[in-house]
Structure formats: C-alpha cells, structure tokens
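This report covers one protein chain, from its overall make-up down to single residues. The structure comes first.

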Amino acid sequence: MNRRDIFVAAALGTGGLVLTGGKQAHAQTEGSRLARVLSAGRLRVGTTGDFNPMSFRDTATNSYAGYDIEAMTQLAADLEVEIEWVVAEWATITAGIAADRYDIFSGASMNVARARVAAFSMPYTEAGTVPLSLSANADRFGSWEAINQPGVRVAVSMGTVFEEQARAHFPEATIQAVQSPATGFQEVLSNRADVTITSNVEGGTLVQRFPDLRILVPGSEMRNRRPFAYVVAQNDPTWLNFINTWVTLRRTDGFFAGLNQRWLGQS
C-alpha cells in the first residue's frame, strides 16, 4: 500500500480494500474533486503570494515560498500528483472555488462570511496575538502577567486592533500608541519600549528578519486566537473528508508542528 492509498483509504474508511490497487477507493471518489485530481495528476492550488510567511513570492527565484506553500507541496506529494499554483485574491477566495479555478485555497482564517459559500477543513494551525521583546529581556517578560506591570512600556500602532488588545491585556502597563510610519517592533528595537504585540504570523517574520527580537510566549499561550483552515467547495464531502483526514494524519505525525516552529517561531 503506497502513501497515497493510505490517505485515500483513511478518508473513505475503506481500510484494506485499497490493497487491490485502489480500484474500490477510486469508485467511491468518482465525481468528486479527489477523483479529478487523481485522474488529472494535478492539484490546482489557489494562493495570493502576499502573506509572508504563509504564502509569498521569493523575488530571487520568482517562485512561491512559505508555510502554506510547503504544506500544499506536501499534499500534492502525498497525492502523488503535480502541483499547479493559481494566482488568487483575498476578496475572491470563495468565488475562485465556486468557479472551479482551483481545487483548494492554500489557507485562510476561518470566518462565518466565507463559511456561508465555501467549506473549511478542520484547522491546521492557529493565528493569535503574541508579545515580542528583545532577546535580552526574554526572561524578564516571559509571560503575559510579567508584562502587565507598572513601568513596563508596551508599544503598538495607534488605531489598530493591537492597541485595543494591549489596553485590555495590560491595564497596569504603560501603553505607547505610535503613529505610522513608526511601528511597535521598531520602538522595541530602539529601546524606546519594552514590549510590543502582534500576530504570531507577523511575529514569525519579524524574528527571522531581526535576530534581536524574541516571541515571549509559546504558541499554546497565544491570545485572541483564530483558526486557519483550507478552503474547498461546499458540495463535495468526499474531497473535504480527504483534506480533513490528511490534516489529521499530518498533525499527528508532527508535520504541522514543524511548520509552526520553522515559519512562525512557535514552540
């Protein structure tokens, strides 16, 4: 039994039936996008390429890179098919699915508006708010409670959701709302502030760009969490079930934990 048949069998609940070469599994998938992908030998993946570090264009190679790109490349490998990247836009994610421009969107935060017209897989990771400081101060500010102390300076961009969150999470600290083009992380790097907060997605990019910065809490302690999932068509339960099964198996074997650590700086 090869890896692709293992994933298909798990998704369909066919167990050992795929030992005959996958014919029974193929019969059950007929008419679904899973059957079309396997038959065509190609997985069409919609992605925006503008969401570092999840999906972005590597200017040096003019190719896609990032967390979601690596995950979708692995999905295609597990299906034993080629991958085709389809340029997508955030405003038309669900329209692209409905118009059959791609088989799956490379990953998006779950919300009710999108769920009304497309299906979400089970979550593969979560976005959330994390605090950042200089690596030299990591021990001093190693928890949310340690930051919420008189005299601690927390810098955030004025008028953003992170300003609102900072005032809610750190009522005892001093909140420094800075105006654009200044940013919270620049205030920390220049020692004009002790801590800033941002999403773990941006945080993962920042700690790669600036080695002096450190995310202060593990991923399990993020706040204001929101799940990320894959977007597929609503009317194809076989395809959705396959993607859910793939996510479950890959989460279990540590694949997504590795991506979280490598791209988002989460332990």
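Among contacts between residues at least 6 apart in sequence, 68% join residues at least 24 apart. Contact here means heavy atoms within 4.5 Å. The model is predicted: local features need pLDDT of at least 70, side-chain atom pairs count only at pLDDT 80 or more, and totals for chains, interfaces and linings use all residues. Residues are numbered from 1 along each chain as its sequence is written, and side-chain values use heavy atoms, with hydrogens and water left out.

**Overall make-up**

The chain holds 12 helices and 13 strands. Both are DSSP runs numbered from the N terminus: helices are H or I with at least four residues, strands are E with at least two. Of the 267 residues, 49% count as buried. Buried means under 20% relative accessible area, exposed means over 50%, and partly exposed lies in between (1.4 Å probe, protein chains only). The accessible surface comes to about 12,300 Å². Carbon and sulfur atoms account for 49% of that surface. Areas come from the Shrake-Rupley method with a 1.4 Å probe; for residues, only the protein chains shown count as cover.

**Nonpolar cores**

A nonpolar core is a set of buried Ala, Val, Leu, Ile, Met, Phe, Trp, Tyr and Cys residues joined through side-chain atoms within 4.5 Å. The largest one has 33 residues. Leu43, Leu79, Tyr230 and Phe256 have the most contacts inside it. At least two residues of this core come from each of α3 (33-40), β1, α4 (67-79), β13 (223-232), α11 and α12 (255-264). Helix α4 gives the most, with six residues. A second, separate core of 26 residues includes Leu132, Phe141, Ile175 and Leu213. In soluble globular proteins, nonpolar side chains tend to be buried together.

**Strand β1 and its partners**

Strand β1 (residues 42-47) is mostly covered, with five of its six residues buried. It pairs in the parallel sense with strand β5 (residues 82-87) over six bridges. It also pairs in the parallel sense with strand β6 (residues 104-109), over two bridges. Two strands pair if DSSP finds at least two bridges between them. Gly46 has a bridge partner in each: Val86 in β5 and Phe105 in β6.

Gly107 lies in strand β6. Gly107 and Ala71 are 36 residues apart in sequence and 9.5 Å apart in space, C-alpha to C-alpha. Leaving aside neighbours within four places in sequence, Gly107 is in contact with Asp68, Trp90, Tyr124, Ala229 and Tyr230.

**The open sheet and Ser55**

Three strands form an open sheet in the order β2-β3-β4, with antiparallel pairing. The edge strands are β2 (50-51) and β4 (63-65), and each pairs on one side only. Two bridges join β2 to β3. Phe51 stands opposite Ser55 in β3.

Ser55 belongs to strand β3 (residues 55-58). Its side chain reaches the backbone nitrogen of Gly49 at 3.1 Å. Not counting residues up to four places away in sequence, Ser55 touches Thr47, Thr48, Gly49, Asp50, Tyr64, Ala65 and Ile69.

Helix α11 (residues 237-252) has 16 residues, which at 1.5 Å a residue should span 22 Å; its end C-alpha atoms are 22 Å apart, so the two agree. The expected span is 1.5 Å times one less than the number of residues. Buried residues in α11 include Trp239, Phe242, Trp246 and Arg250. Gly254 follows the helix, with a positive phi near 90 degrees.

Val247 lies in α11. The C-alpha atoms of Val247 and Ser121 are separated by 8.2 Å, though the two residues are 126 apart along the chain. Leaving aside neighbours within four places in sequence, Val247 is in contact with Met122, Pro123, Tyr124, Tyr230 and Phe256. On the same terms, Phe256 is in contact with Tyr67, Ala71, Tyr124, Tyr230, Trp246, Val247, Arg250 and Arg251.

| Residue | Relative accessible area | Class |
|---|---|---|
| Ser55 | 2% | buried |
| Val247 | 0% | buried |
| Gly107 | 1% | buried |

Notes. A polar contact is a pair of N or O atoms within 3.5 Å; within protein, one must be able to donate a hydrogen and the other to accept it, and residues adjacent in sequence count only if both atoms are side-chain atoms.
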